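Have a look at this model with me. Below are some short notes on its inside.

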Amino acid sequence: MISTLSSDTSRLLATVDFVKEQDTVTLLPLLFPGLDGPELHTLVEHCRFSHAALLVFPSDEAELSAMVDDCGLVAALPPRPSVVVRERLAVRHRRRAAELDVGILRPSVAGADGAHRTVEVFALTVPPGSGLDTIAAYERERQHETHVAFDVVSPNPLVLRGLCATFARYGATPDGGGYNPHENGTVFYFGAPAEAKVGYRRVELYVPGDHRDVLDAHLAEHRARQPAETLLRLLTGAWTTQALATFAQLRVPDAMDGERGVEVGELAREVGARPRNLATLLRYLVMLGVVAEGRDGFRLTEVGALLRDGSPGSMRALALMYGGPFYESFAGLGHTVRTGEVAFEHLFGENHFDHFARDPHLAELFDRSMAAGSAMFDPVPTHPALTAAAEKPAGATVVDVAGGNGELLGRVLAAHPRLNGVLLERPHAVEAARLRLEEAGHGTRCAFVAGDFADVPAGGDVYVLSRVLHDWDDERCREILRHCARAMPDHADLLVVERVLPSDGSASLATAWDVHMMCNVGGRERQAGHYERLFADAALTLVNRTPLPLDGHVLHVRKARSASA
């Protein structure tokens, strides 16, 4: 133990000396030979050398404190949890992350140029007899977590992508990263080019805030170089679905706080779970960014807060639906691909509309799950067709065809007090929508029609088909659109809200939903050109389309003769 401890202390001293001697302008060309001129100036402008890091292996907190003191450093103990390094060690050594206690200290060091930097000390606690000695020996030899780091000065996505591209141009390769909810910071790791003139083989970019959108592309490139790890992560996607559904079903988010941690024992008593098993679930959700773990227990992140019941934008119902009936039916995806029969109907003996309608609990859950994706609707009330209708002196009427529980129509009526509404739905859904809109204060401005697509009310000014057409095959879509066209006056607008498949093959939620619709509903997502042909078959024409959140679109449609007028 004495030799390994002195080895860690020597490594830490060498790291302190390196941080004291280097600065941004001299270090970047050493890491990236050939970097000079305008590109060097740009990097220096947007990032600064902040620290060098290493991983040490104390047996306990007292030993870590002694090591830091021996190097003349001052650091506040206990260390904060290190989510990213713990996950990397767990993957590298095929251990459960919950078995590894990895903390992080950042003692300050003054550089030769007078700048204040830090030494980042990761500490994997290796208690005697823990069996972690082999990990410590391997990591000391390979130095995987040893790196130099730069803080991004202007943390916006454009600058961040530019920095990543410049690193790549000079030979750096993506080497992982992650978002740390404890610090609200995003880390990008790179492998240093083989020609680097310093002993550090890894480079880190640290960006304040949550930049997982840019990080996703970085990690995808990293995983492409590690196909076995990539496939393993993909294969365990079902675990994620069930973990989120269980978290929501047990109402754990409702027992948690977003500001302070709650001990797992207290949470277990509140939700009726076994503490040890609940802790295992929560640590998995930490890895997903749904909860965060600190010294005082577990707390909700912004992502996890969306699984609270009744909170604004709650997606709890969606988690229960995707982890419940649709999860069961997805096991029959192979049957659908082989035979063309909808897996949901093969499993439950009827289509999902009829199945849910016969069970009041499932019917309510389905309607709430549809509303859970309502972030897609946020910009819809500002669509020009609706704002123009709202400005008519005599007022105007919006007809929501198959409008579910009235979530979208309620938003439109709230945004435009001079508009009236009509909602067409199945009988049980109409009553749910009536209650929702009356509670929102719109009951006197809205009429409710129980019926089918053949009952589309005539005489409206704006018609809405939101997430309806993707439920059906082409022939049924033509029929629905013809019912709408017959009911529409010549001046009326039709707004079709759907996810649209990209024509260039780029990544989109619509591609995933296309599989879902095939397996569970018998419908499909479509490209814009496909929708144009369906509209034309119903004597309608596409005027334009407007993007929405969650890869949605508003397709603005009019009668063919009206559009050209």
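## Ground rules

This is a predicted model, where local features need pLDDT of at least 70, side-chain atom pairs count only at pLDDT 80 or more, and totals for chains, interfaces and linings use all residues. Residues are numbered from 1 along each chain as its sequence is written, and side-chain values use heavy atoms, leaving out hydrogens and water.

## Two cores

A nonpolar core here is a set of buried Ala, Val, Leu, Ile, Met, Phe, Trp, Tyr and Cys residues joined through side-chain atoms within 4.5 Å, with buried meaning under 20% relative accessible area (1.4 Å probe, protein chains only). The largest one has 48 residues, and Val148, Phe150, Phe188 and Leu205 touch the most other members. Leaving aside residues up to four places away in sequence, the contacts of Val148 (heavy atoms within 4.5 Å) include Phe18, Leu27, Phe49 and Tyr200, but also His51, Arg202 and Glu204.

There's also a second, separate core: 33 residues, among them Val262, Leu281, Val286 and Leu320.

Helices are DSSP runs (H or I, at least four residues), numbered from the N terminus. Helix H20 (360–372) is one of the helices that each supply at least two lining residues to the second largest pocket, and H20 gives the most, with 7. The lining splits into 8 nonpolar, 7 polar and 8 charged residues.

## A tucked-away histidine

His383 sits in the loop between H20 and helix H21 (384–390). Why does His383 count as buried? Because its relative accessibility is 6%. Beyond four places in sequence, His383 touches Leu495, Asn544, Thr546, Val554 and His556.

Conventions
Buried < 20%, exposed > 50% of the residue type's maximum accessible area, 1.4 Å probe, protein only. Nonpolar A, V, L, I, M, F, W, Y, C, P; charged D, E, K, R; others polar.
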